[in-house]
Each structure stands twice: as C-alpha cells, then as structure tokens.
Amino acid sequence: MEWGKFKAAREVLSKYLPETRLVRAASLETESEQQVFLKLENELPTGSFKVRGAIFALSLHEQVQGKREVVASSTGNHGAAVAYAAKVLGWRARIFLPEKNNPIKRKNIARLGAAIEERGTIDLADAFQAASVYAQKSGAYFLNDATDRDLPAGPGTIACEIFEQQPNMDVIYVPMGDTALIRGVADATKQISRNVKIIGVQSERAPSYFLSWREGRAIETETCDTIADGLATRTPEEANVAAIRELVDEVVLVSEEEMLEAIARLLIDEHVVAEPAGTAATAAFLKSRDQGGSNVALLVTGANLSRETLERVTAI
C-alpha cells in the first residue's frame, strides 16, 4: 500500500478518534530483559481497534448517492465499528451476526442504532452470505473487512503511532483474524523500518491463516470454535495469504487457556480489560519470549469481555 494512503487515513481519523496510549507493562518484564509496551486499542470507541478501518473505509464513500446504507457481517467488533462509523458519518447500518454471538458486542451494535440480523451458528459463513445477498438486492455498500482494499490503512495507523511514541521498537505482536489488522500494521511498519519483526498470533482452535502462512496457500478449516471470536476465521482469502507471507515474519498459535491466563495477567497486574482476541499478543509473548529485540509492543485490540468468559478467568 502506498504511504500516502496511511497519511490520508491519519488525517481522516484525527477528526474522530484520539491516539491510543502506548504504556510500559512492568509485570510482563519481570522474566525478561526486554521493555514491553501495550498499545491500548481497547480504549477506542466500541472498545476495539476496528473503528479505525471502518471510519476510514466508509469516509472514502461519502460521495455515494442514494441510500447511504452500509452492511457488514461480523462476529461483533467489526459490526460495532461499522455501526459507529455509520453514526458519525450519517449513514444507516445493518449488521449480520452469527446466532451465537458475544452479547456485549451485540449490545454495542444495538446501542449505536444499527439494524441487526442473525444467521448461522458460530462462524461468519451464513452471516456473510446473507449480508452479500442483502447488499446486492438493496444497493447498500457492503463493507467487508477481509477484502476491502482501503480498510487496512485504518489499522495501519496504529504502527504510525507506535513509532512516534517509541521510535526504537524491535518486535510487534499482532492478533490475526481476517488479517486486515496485521496487513495494515505490517505494511506500515515495514515502510518505516524493514528491521522490525512482525509476529502474527492466532488461536489454536482457529488456525486457518497460520496454516495458510506456513504452507503458502489458502487452507480452510472445518471449524473455528474459539473463545476468541475476533480470531474466528475459517476461510482465508488467497490475496490475504499472499500479503501476510510477504509482510509477516512469524506466526504463532495460542491456546484457550493461554488467552484466559493473559486476560487475568492484564486485568490484575496492569489494570487493563481485554477480551480473548485482545490478549492474544500478550499470550504469545508470555509463551515464547525468545523473539529478540529490546523493545516489544503487544497490541491489546479489544475490551469487550463477556461475563461468561470473565467467569472462566476467575476460575483459573
């Protein structure tokens, strides 16, 4: 992606969003000589980094005539981000969710005034299909974060902020769901410094992009049943696989238990609330600290922790 697209995204987002904090995580440094930083994307509106991409992508379509309706399929955070972007830009939003969705995220979407429709069970396949059909019939703009060409520039601004806040960053851990986040962050990072290592993190129970990155081709999985709904991707896009193969240095897997432990560590030791996908980077760092470099950034990507998951954390 051309650097000008990241500059444009920063200009647009500065009108609607604050820069997020990059803070030292002293409790994560106790067993390491590295300086560890948390990039607190969980502090953004809707409690997720996703608003960066949704606002920027939708802003590029502000001249669209007609219905000014946007449609999205989502496990939750992207849907809330699209609903938020629609609200601030004056569009109507309709979000298609799986039937087994995160109730906190569903409430966020409803509170923002978007229409909600539920399809399928736990992954996005049926919700995506329904959203596609609705968009074709209604003429609404379908904002799909897995395939939209402009959207990754939004989350790419995270990297721009990190290097302004800490110019000497060596390693960045990034959760991987549909890969819009890591494609944007990695692309911007590599244009700033090719020497910075980008580590993608997926759930052991939703490893489609891990397998695809390793094999160099899109590999579907039969299921993606993970507590980290933000990482629950079952069907990779070929173009996205090619992009992460070029931009991402390493991809690692974390277990359900490791993400639950990371939630507890962030909550108790750092007073940071994060959902499972939002703690994937922290879980990966705690699992393997041998990635080199003196300064490490862990993206905390979402705060929408359900009561059910919190009860599992307190049972640890």
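**Aromatic pairs**

I looked for aromatic pairs in this predicted model and found five. I examined the pair formed by Tyr-173 and Phe-285: the ring centres are 6.0 Å apart and the planes stand at 85 degrees, so I recorded the pair as edge-to-face. The cut-off behind that label is a plane angle over 60 degrees. The two residues come from distant parts of the chain, 112 residues apart, with Tyr-173 in strand E7 and Phe-285 in helix H11 (residues 280-287). I noted that Tyr-173 and Phe-285 are both buried.

**Helix H11, a further residue**

I then turned to Thr-282, which also belongs to helix H11. Its relative accessibility is 0%, and Thr-282 therefore counts as buried. I listed its contacts beyond four places in sequence: Leu-28, Leu-38, Ala-262, Leu-266 and Leu-298.

**Strand E7**

I asked why E7 (residues 171-175) is described as largely enclosed by the rest of the structure. Five of its five residues are buried, which accounts for the description.

I next looked up the partners of E7. Strand E8 (residues 197-203) runs parallel to E7 and is joined to it by five bridges. Within this pairing, Ile-199 of E8 is the residue opposite Tyr-173. Between E7 and E8 the chain passes through helix H7 (residues 180-192), and I recorded this β-α-β crossover as right-handed. Strand E10 (residues 295-300) is also parallel to E7, with three bridges between them. Here Val-171 faces Val-296 of E10.

**The six-strand sheet**

I placed these strands in their sheet. In what order do the six strands of this open sheet stand? I read the order as E1-E2-E10-E7-E8-E9, and the pairing is mixed. Strands E1 (22-24) and E9 (250-254) are at the edges; each has a single partner strand, so one side of each lacks a neighbour in the sheet. On average, neighbouring strands are turned by 25 degrees against each other, direction ignored.

I also followed E10 to strand E2 (residues 35-40): six bridges join them, and the two run parallel. Gln-35 has Asn-295 of E10 as its bridge partner. Helix H10 (residues 256-269) lies across E2, E8, E9 and E10, and I noted an angle of about 90 degrees between H10 and E9.

**The four-strand sheet**

I found an open sheet of four strands, ordered E5-E4-E3-E6, with parallel pairing. Its edge strands are E5 (115-118) and E6, each of which pairs on one side only. Strand E4 (residues 92-97) is joined to E5 by four bridges, and the two are parallel. Leu-97 stands opposite Glu-118 in E5. Helix H5 (residues 125-138) packs on this sheet and touches E3, E4 and E6; its direction makes about 160 degrees with that of E3.

**Nonpolar cores**

I looked up which residues of the largest nonpolar core touch the most other members. The core has 63 residues, and the three in question are Val-70, Ile-162 and Ile-172. Helix H3 (residues 77-89) supplies the largest share of this core, eight residues. For Val-70, leaving out residues up to four places away in sequence, I listed Leu-58, Val-82, Ala-86, Trp-91, Arg-92, Ala-93, Arg-94, Tyr-141 and Leu-143 as the residues touched. Another core, of 33 residues, lies apart from it; among its members are Ala-25, Ala-228, Ala-262 and Val-300.

**Helix H2 and Val-51**

My last entry concerns helix H2 (residues 50-59), in which Val-51 is found. I recorded ten of the ten residues of H2 as buried, including Lys-50 and Arg-52. The buried residues pack against helix H1 (3-13), strand E3 (69-73), H3, strand E6 (141-142) and helix H6 (153-165).

Is Val-51 buried or exposed? At 0% relative accessibility, Val-51 counts as buried. Beyond four places in sequence, I found Val-51 in contact with Leu-17, Leu-44, Pro-45, Thr-46, Ala-81 and Tyr-84. I also noted a separation of 9.8 Å between the C-alpha atoms of Val-51 and Glu-41, which are ten residues apart along the chain.

Definitions and conventions: Residues numbered from 1 in each chain as written. Predicted model: local features only at pLDDT ≥ 70, side-chain atom pairs only at ≥ 80, totals over all residues. Heavy atoms only, no water. Buried < 20%, exposed > 50% of the residue type's maximum accessible area, 1.4 Å probe, protein only. Pairing = 2+ DSSP bridges. Right-handed = clockwise from strand over helix to strand, strands pointing away. Axes fitted to C-alpha atoms, helices over the stretch in contact; angles between N-to-C directions. Contact = heavy atoms within 4.5 Å. Core = buried A, V, L, I, M, F, W, Y, C linked by side-chain atoms within 4.5 Å. Phe/Tyr/Trp six-rings, centres within 6.5 Å; stacked < 30°, edge-to-face > 60°.
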